[in-house]
Amino acid sequence: TATPLMLGLESSCDDTAAALVRGREVLASVVVGQSGLHAAFGGVVPEIAARAHAERLDLCVSQALQQAGVTLDEVDAIAVTAGPGLIGGVLSGVMTAKGLAAGTGKPLVGVNHLAGHALTPRLTDDLAFPYLMLLVSGGHCQFLVVHGPEDFTRLGGTIDDAPGEAFDKTARLLGLPQPGGPAVEAEAAQGDPARFRFPRPLLDRPGCDLSFSGLKTALLRERDRLVATQGGLFRRDRADLCAGFQAAVRDVLAEKTRRAVALYLTEAPAAPALAVAGGVAANGALREALRSVCDEAGLRFTAPPLALCTDNAAMIAYAGGALLMNGTRHDMTLAARPRWPL
Ligand code: KG4
Ligand code: ZN
């Protein structure tokens, strides 16, 4: 049987996306962000997001079809993020996908958004199962062993904030622009990471769970202390605070990765590898630290190109294709699930 041409839809957070993918070939990937709609509110407003998704999904689908130069008739199946995420947005996507499936008679495949992220490294790289996956973004932080398209073992994850969220909050506390990650990384490059010694949460506890909310509190305390004693923050202070914060995040993620690697290696994988994905995987200091953890332990280190690391529909179409070939199909009872652990 030929490799199916998949139409994928994604609308679980603040990006509306549609893509056409056949096997590992991405024919089109359209992503329309909503940051402008939410900027005034200091975070994603679920109602605004859901309405924008509902308005834009059809347009994203037509654009993707046009870019790929195919018609809806030529599509073999429709894949859609069915969770986890903001329920209004997930519902918009699932309803749109059901409409397309009902109208064309094509199979429908509901995809877990996290599975989409976790399978993406295989879209651009010859990566054998099982591989270790670190998902680090504004919304997620977890270690997974990926055994197959529908077979994951979760080794641990954050018990509070995601690291991207911590970068964004740090930027807000220091008056830096959003998204905070790139801004904090640029400041950190000018700073002294040794001036402020921030906590390395949960390193004293066994296992791969992580915590980032205490780090944010420690940063807030240092900022307020500086403001109280010297009347404000100097450029030097801002850079040093960012450098100290980034070093703490890097150290915690590197040490927990070391532990996750040890657990993963007990499975004696034939071609041991660590893949990272998510927006925070763009951080140079973190990448360097993860690369050296891999070098020490004899793992290959890989990361998908950034456009596939952040939210997109190509990953949903690709994962949906893998599920379809596994024999997975859904019908009109497919539910939108705000919570859906792997
Ligand atoms: O995967 P993503 O685009 O969206 C979701 O969270 O789903 O990740 C966005 C997050 C933001 O919190 C952003 O600040 C962070 O990734 N980020 C970074 C960097 N670039 C983006 N964090 C640290 N360093 C960076 N260079
Ligand atoms: Zn995501």
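**Exercise 1.** List the residues that A19 touches, leaving out those up to four places away in sequence.

*Solution.* Two residues are in contact if their C-beta atoms, placed from the backbone, lie within 7 Å. With that rule, and not counting residues up to four places away in sequence, A19 touches G8, V26, A28, S29, V30, A64, N312, A313, A314 and A317. This is a predicted model, where local features need pLDDT of at least 70, side-chain atom pairs count only at pLDDT 80 or more, and totals for chains, interfaces and linings use all residues. Residues are numbered from 1 along each chain as its sequence is written, while chains are lettered from A and ligands numbered from 1 in the order in which they are written.

**Exercise 2.** Describe the largest nonpolar core.

*Solution.* A nonpolar core is a set of buried Ala, Val, Leu, Ile, Met, Phe, Trp, Tyr and Cys residues joined through C-beta atoms within 7 Å. The largest one has 108 residues, of which A19 and A317 touch the most other members. Helix α9 (residues 235-265) gives this core its largest share, 13 residues. Helices are DSSP runs (H or I, at least four residues), numbered from the N terminus. At least three core residues come from each of domain 1 (5-122 + 308-325) and domain 2 (129-303), with bounds from an automatic or database domain assignment.

**Exercise 3.** Decide whether V249 is buried or exposed.

*Solution.* First, V249 is located in helix α9. A residue is buried if 20 or more other C-beta atoms lie within 10 Å of its own, exposed if 12 or fewer, and partly exposed in between. V249 is buried because 27 other C-beta atoms lie within 10 Å. Not counting residues up to four places away in sequence, V249 touches P163 and A166.

Definitions and conventions:
Helix = DSSP H or I, 4+ residues; strand = E, 2+ residues; numbered from the N terminus.
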